[in-house]
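Hi,

Here is the structure I said I'd pass along. Have a look at it first, and then read on for what turned up.

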Amino acid sequence: MASQDIDAYIARQDEPKRSTLIALRKTILEIVPDAEECISYGLPAFRIEGKVVAGFGAFKNHLSYLPHSGSVFLQMAEDLTSYSWSSGALQFPIDTPLPKQLVAKLIALKLQQIRAKE
């Protein structure tokens, strides 16, 4: 059901947001193919072993990547100089997907945080 919810969320977006989010979703699933798709805080998200490791959202003038962590971006500040970000959201243009290498690094750091707490 959650995959369908994410399909519906993406389908509601105008172009080029829709295409950019489809690309991000594909990238996330290539990096963590065993991720369970879900909705978290009303936005598309991806869980590994019950823990949310990534998510995204569409807004009026930008898209956001959500690590579901307040410290992932702080630890990667040098990699994010091209983007606007807060502790919980990385903003990127509606027509430019995030680079796969960056998404892989973000997810790897989040997974590292999860495993450190176990």
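Which strands does helix H1 lie across, and at about what angle does it run to E1? Bear in mind that this is a predicted model. Helix H1, residues 2-11, lies across E1, E2 and E3, and its direction is at about 60° to E1. There is also helix H4 (residues 100-117), which lies across E2, E3, E4 and strand E6 (90-92) and runs at about 140° to E3.

Now the sheet itself. It is an open one built from 6 strands, with antiparallel pairing and the order E1-E2-E3-E4-E6-E5. Strand E1 (36-40) and strand E5 (84-85) sit at the edges with a single partner strand each, so one side of each has no neighbour in the sheet. Further in, E3 and strand E4 (residues 63-66) run antiparallel and are joined by 4 bridges.

On to the aromatics: the count is 2 aromatic pairs. One of them is Phe46 with Phe56, a tilted pair with 6.0 Å centre to centre and 40° between the planes. Phe46 belongs to strand E2 (residues 43-48) and Phe56 to strand E3 (residues 51-58), so this pair ties together parts that are 10 residues apart in sequence.

Cheers

Definitions and conventions
Residues are numbered from 1 along each chain as its sequence is written. This is a predicted model: local features need pLDDT of at least 70, side-chain atom pairs count only at pLDDT 80 or more; totals for chains, interfaces and linings use all residues. Side-chain values use heavy atoms; hydrogens and water are left out. Rings of Phe, Tyr and Trp (its six-membered ring) pair if their centres lie within 6.5 Å; planes under 30 degrees apart count as stacked, over 60 as edge-to-face and the rest as tilted. Helices (H or I, at least four residues) and strands (E, at least two) are DSSP runs, numbered from the N terminus. Two strands pair if DSSP finds at least two bridges between them. Contact means heavy atoms within 4.5 Å. Axes are lines fitted to C-alpha atoms, for helices over the stretch in contact, and angles run from 0 to 180 degrees between N-to-C directions.
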